[in-house]
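Here is a short briefing on side-chain contacts. Look at the sequence and the structure first, then work through the points.

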Amino acid sequence: MKELRLLMLGRDETALADLEQALIESGRLSVTRLSTPEQVYETIANSQVDAVIADEQVEGGSGLEFVRKLVRSNPFINCALVSSLYPDEFHEATEGYGVFMQLPVQPGKEEARELVAQLEKIC
């Protein structure tokens, strides 16, 4: 499998730290941590990105709002989103936005394994 390039977006650096570390340790991913949606848009415009992982809250609003805006301008981008919604509510809220995975509020090693497995299927 080729090395996949992931972008992680979140306001709080500690919130996704366990997930980020587990993804890096998998050895199959390049993970870049960004703090603003503008940085994500700029990175996507200038380089190949396989997926974006957004925290529940990002600078300027919710992760869900960010994903909706991102997908409008980049319809083929794969997104994972941290969300405290119940799975059926999450599905309803994200349907049609290219979100391939819901992550819990404090994702860790198990979620990293699931995320890598999902990416291997879709990338």
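**Side-chain pairs in a predicted model**

R28 is partly exposed, with a relative accessible area of 36%; partly exposed lies between buried (under 20%) and exposed (over 50%), using a 1.4 Å probe and protein chains only. This is a predicted model, where local features need pLDDT of at least 70, side-chain atom pairs count only at pLDDT 80 or more, and totals for chains, interfaces and linings use all residues. Residues are numbered from 1 along each chain as its sequence is written, and side-chain values use heavy atoms, leaving out hydrogens and water.

**Salt bridges**

- The whole structure has 3 salt bridges, each a side-chain nitrogen of Lys or Arg within 4 Å of a carboxyl oxygen of Asp or Glu.
- R28 pairs with E120 at 2.1 Å, N to O.
- R28 sits in the loop between α1 and β2, and E120 in helix α5 (residues 109-122), 92 residues apart. Helices (H or I, at least four residues) and strands (E, at least two) are DSSP runs, numbered from the N terminus.
- E120 is partly exposed too, at 35%.
- R33 bridges to E20, with the closest N and O atoms 3.1 Å apart. Both R33 and E20 are buried.
- R113 meets E110 at 2.8 Å, N to O. These two are 3 residues apart in helix α5, so about one helical turn separates them.

**Aromatic pair**

- A whole-structure search finds 1 aromatic pair. Rings of Phe, Tyr and Trp (its six-membered ring) pair if their centres lie within 6.5 Å; planes under 30 degrees apart are stacked, over 60 edge-to-face, the rest tilted.
- The Y41 and F66 ring centres are 5.8 Å apart with planes at 40 degrees, so the pair is tilted.
- F66 is buried at 4%, whereas Y41 is partly exposed at 23%.
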